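Please look at the sequence and the model below before reading the report.

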Amino acid sequence: MNEERADAILTEFASDPTTQVADWAMRYPAQAREFAYLAADRTFAAPASDSSRVQLLGLSVLREKRAAYGATFVSLKSVAEAKGHTAESLAAALKLPLGLFWKLHRRLVSFETIPQALIHQLAEKLDRSVEDLARYLSQPPQLPANASHRNDSAPQATQESFANALITDPDTTDTMRQSWG
């Protein structure tokens, strides 16, 4: 769902003072937190008769919370699962080999080399902003949580270019190469 559609849903929610948060949260679980913020603002910030003020205030708070929520983007996999995707289904929808999806998840691909079109498509599929996704993908690489090693210090994860990751993945098809190569 894009930001414009999300704002329209929240505007509709905010326009009815008798609206129950639980009902809307069941219909639109991705916006449940935002419904709660709007309901709190409606209750404590303005008189119920001033619906346009509540709506503007609610959308302002929503945008602030949405930006803060973006900072908590900790796992590509968990965000995908929250949107009903598996790693496999998301990789297939993006025309990526599964191994490359996992490299993106662990930030093993240099952010500067990832095609902008892929970042935009991924943001759309996850219903997140391009900025949220860019913030996540540009963080340092990470090793798998269950990785074990026998040294006193942990091994360092290194990044590779998107093109190299695509070319060297044994599951890359010609269609994938044409899409992203």
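The report covers a pair of helices, the loop between them and one further residue.

## Basis

This is a predicted model, in which local features need pLDDT of at least 70, side-chain atom pairs count only at pLDDT 80 or more, and totals for chains, interfaces and linings use all residues. Residues are numbered from 1 along each chain as its sequence is written, and side-chain values use heavy atoms, leaving out hydrogens and water.

## Helices α8 and α9

Helix α8 spans residues 116-126 and helix α9 spans residues 130-137; helices here are DSSP runs (H or I, at least four residues), numbered from the N terminus. Their axes lie 9 Å apart, at an angle of about 115°. That makes α8 roughly perpendicular to α9 (65 to 115 degrees).

Ile 119, His 120, Leu 122 and Ala 123 of α8 are in contact with Val 130, Leu 133 and Leu 137 of α9 (contact means heavy atoms within 4.5 Å). Six of the residues in this contact are nonpolar, one is polar and none is charged.

## The loop residue Arg 128

Arg 128 sits in the loop between α8 and α9. Its relative accessibility is 14%, so Arg 128 counts as buried (under 20% relative accessible area, with a 1.4 Å probe and protein chains only). The side chains of Arg 128 and Asp 132 form a polar contact at 3.3 Å.

## Leu 76

Leu 76 belongs to helix α5, residues 76-82. Leu 76 is buried, with a relative accessible area of 0%. Leaving aside residues up to four places away in sequence, Leu 76 touches Phe 101, Leu 104, His 105, Leu 122, Leu 126, Leu 133 and Tyr 136.

How values were computed
Axes are lines fitted to C-alpha atoms, for helices over the stretch in contact, and angles run from 0 to 180 degrees between N-to-C directions. Helices (H or I, at least four residues) and strands (E, at least two) are DSSP runs, numbered from the N terminus. Angles under 35 degrees count as roughly parallel, over 145 as roughly antiparallel, 65 to 115 as roughly perpendicular and the rest as oblique. Ala, Val, Leu, Ile, Met, Phe, Trp, Tyr, Cys and Pro count as nonpolar, Asp, Glu, Lys and Arg as charged, and the others, Gly among them, as polar. Buried means under 20% relative accessible area, exposed over 50%, partly exposed in between (1.4 Å probe, protein chains only). A polar contact is a pair of N or O atoms within 3.5 Å; within protein, one must be able to donate a hydrogen and the other to accept it, and residues adjacent in sequence count only if both atoms are side-chain atoms.
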